[in-house]
Amino acid sequence: MQIDLLPRERSTATLNLLILFGSLLAGLLAISVVFALSGVNPALAIFSIFKGSFGSWYGIKETVTKAIPLILIGSGLAMAYKAKFWNIGAESQLLVGAIFSTWVGLNWGPHLPAIVLVPLMFLSAFIGGALWGMVPAVLKIRFGINEVISTLMLNYIAAEFVKFLVVGPWKGATKGGYPYTDDLPAAAILKQFPLSRISPVLLSVAVAGALILGWLVYRSRFGYEIRVIGENTHAARYSGINFFRTLVVLMAISGGMAGLAGAGELMSIHHYLSYPDSLSAGYGFTAIIVAWLARLNPSFTIISGLFFAGIIVGGDAIQISMGMPAATVDVFNGMILVFLIMGDFFISHRVRIRRGRTVDA
Amino acid sequence: MLDIIVSVLTRTIIAGTPLLIATLGEIIAERAGILNLGMEGIMSAGAVTGFIIAFTTGNPWLGMLAAILVGMLLSSLHGFVCITLRANQVVSGLALTMLGLGISGLWGKPYIGRPLPQRMPRLDISGLSDIPVLGDIFFNHDWYVYLSVLIGIVIWFLVKHTRMGITLRSVGENPKAAESQGIPVNRVKYLAVMTGGGLAGMAGAFLSTAYSGSWNEGMVAGRGWIVIALTIFALWRPGGAFLGAYLFGGIFVLQFMLQPLGVSPNLLAMLPYLSTLVVLLIYGLSKSGQRRMSAPATLGEPYVRGGR
């Protein structure tokens, strides 16, 4: 018997969808094996995760709450990955966005009405995330520094800087020694749907952002340049695309979206700047998988963001109900990502099994 | 004053050891054309496995062995995804990191904060260890430190002076030519990535069974990412790995030395990451430096037999 791997000439939407669900299913199976090996009842754990997120009104509302940052960040990452620019730094782009909007909120907030302040804080967060995102683009194009390394190092640097701010110069006078800034003024706080933590403004920003980015990638000249750079660097150089301008703008948008997520968490959920890991539950990393599950289509992150938000919420639930560590969600995420990229192979290749021995040509 | 210098240099060597071991691993994988961004996760899984096995058996050597095996296992998954299924190496590496961190959290939870009864023993070299100053700095460490140096020398020799090294390099630089020479390209890639993973696992076990003697989530603390940067800094040469690992080991130590002087610990904690960027920037400032920073020719690309 011989197994051949042959390139697949064309793939249909149905096939893509089938492979996508096949990968998710295979991933869940592999997760079950890891759970079983770790002495956890896999069926119960996976059931509890989805019950915790999609099994109650409370769960669904929390899922939507956590989907918002994932959609914002994931759509920006999808765009960057389309150009094969491996932005791993969304976590810190979120933080810098939060730093910028905190500054605006604390300094200008008391003098401005909400209608001016809220857009201003969003804008400043976008600018903060964009600036932080442009650094690795410049480092890559001007100095040949690999963006995976630079974005990761910038993550650690920004996280330490936030800690420095909240225990040092920005420590709130009203917080009794805790490492928090003072509360943002009331005008900066986003209204939420009753009995939930979902801000309609923020939800609209996230959904609109994902749709706009989807339009940019697939319908605009800029998106065309991004896709050419991602698919064939040589062709892109040949056709006279300005790499520097395109990638810097791309990373400004990608980082800016993460910055918006930072402002959103701040203005809707936390109301003050605090330690990095309480501001973001690893959204910058989870969003990488969100982008991948969306097949790098920014608009589809609306769906994939909800899915992974569900896993985060469900993960929190089993921490309480089954006493499992927070890292369980990482097993989930890592395994699903592995199987998603494995699935990509079967979109571009078909497997042929032949009986009997044959000579390879 | 001499005391301080001795203590700084001693701790520099200790702090550089896990970086050295893992960087050597990454160099081997990347020389064969496989970028393994999963080092952070593999080191973490190695740390927890090493700890659990050393804790339950009371034997840190078994812990080391188990960590190496887990590292090889995890990296073979990376190999399967990237070599056999030709998937994107960046994403696969990231997935491996999440998986490694997740598994270590899951497995290590009951062991958090428990001290290891039997750490990796010191290698007492009678005579040498007693030399004042030099004996303290160089000859008073645990086995890992000497093993890492030995492994580094062996790898340097193999890569630079043997047929095996030529094979490894040709697979990363020009797999098509290698294959026409009869080299089983993908098998070499698998071996390289698994060797690299084994070393990363070992580096993790050093952290939990020799360096700290305990397990805690997040104890790898970004070292796996610094290793990726060190591989570039070393220009994919084992000799450069020694220089880079001890330099960054020194930066880790500096962080604690400067703390009593009243510098914010948070700003000091940025040092290793900031220095990584500065070091790469220094290369990047000149065209020749940028050229030297260029990776093995086919790094990150899957190899298709008989393909274009």
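**Close-up 1. A nonpolar patch on the surface of chain A.** In this predicted model, five residues come together as a nonpolar surface patch: A:Ile3, A:Leu5, A:Phe346, A:Val351 and A:Ile353. Two strands of chain A, S1 (2-7) and S2 (349-354), each provide at least two of the patch residues. Take A:Ile353 as an example: this residue sits in strand S2 of chain A. Its relative accessible area is 55%, so A:Ile353 counts as exposed, the cut-off for that word being over 50%.

Close-up 2. Now we move to chain B, where B:Thr209 is found in helix H9, which covers residues 185-211. Is B:Thr209 buried or exposed? With a relative accessible area of 0%, B:Thr209 is buried, because that word applies to values under 20%. The side chain of B:Thr209 comes to 2.7 Å from the backbone oxygen of B:Ala205. Leaving aside residues up to four places away in sequence, B:Thr209 touches B:Gly50, B:Phe51, B:Ala54, B:Leu116, B:Arg119, B:Met120 and B:Tyr144.

**Close-up 3. Two tryptophan rings in chain A.** Over all chains, there are 22 aromatic pairs. One of them joins A:Trp103 and A:Trp108, with ring centres 5.7 Å apart. What kind of pair do A:Trp103 and A:Trp108 make? Their planes stand at 75 degrees, so the pair is edge-to-face, a label that calls for an angle over 60 degrees. A:Trp103 is partly exposed, at 40% relative accessibility, and A:Trp108 is partly exposed at 40% as well.

**Close-up 4. A tryptophan pair in chain B.** Here B:Trp61 and B:Trp143 form an edge-to-face aromatic pair. The distance is 5.5 Å centre to centre, with 70 degrees between the planes. Which parts of the chain does this pair link? B:Trp61 belongs to helix H3 (residues 60-84) of chain B, while B:Trp143 belongs to helix H6 (residues 143-161) of chain B. The two residues are 82 residues apart, and the pair thus links distant parts of the chain. B:Trp61 has 34% relative accessibility and counts as partly exposed. B:Trp143, at 31%, is partly exposed too.

**Close-up 5. A cluster of phenylalanine rings in chain A.** To finish, look for A:Phe50, A:Phe54, A:Phe307, A:Phe308 and A:Phe332. Ring pairs link these residues into a cluster.

Notes: Residues are numbered from 1 along each chain as its sequence is written. Chains are lettered from A and ligands numbered from 1 in the order in which they are written. This is a predicted model: local features need pLDDT of at least 70, side-chain atom pairs count only at pLDDT 80 or more; totals for chains, interfaces and linings use all residues. Side-chain values use heavy atoms; hydrogens and water are left out. Patches are made of residues with over 30% relative accessible area and no salt bridge: like charges are joined within 9 Å, nonpolar side chains (Val, Leu, Ile, Met, Phe, Trp, Tyr) within 5 Å. Accessible areas come from the Shrake-Rupley method with a 1.4 Å probe; for residues, only the protein chains shown count as cover. A salt bridge is a side-chain nitrogen of Lys or Arg within 4 Å of a carboxyl oxygen of Asp or Glu. Helices (H or I, at least four residues) and strands (E, at least two) are DSSP runs, numbered from the N terminus. Buried means under 20% relative accessible area, exposed over 50%, partly exposed in between (1.4 Å probe, protein chains only). A polar contact is a pair of N or O atoms within 3.5 Å; within protein, one must be able to donate a hydrogen and the other to accept it, and residues adjacent in sequence count only if both atoms are side-chain atoms. Contact means heavy atoms within 4.5 Å. Rings of Phe, Tyr and Trp (its six-membered ring) pair if their centres lie within 6.5 Å; planes under 30 degrees apart count as stacked, over 60 as edge-to-face and the rest as tilted.
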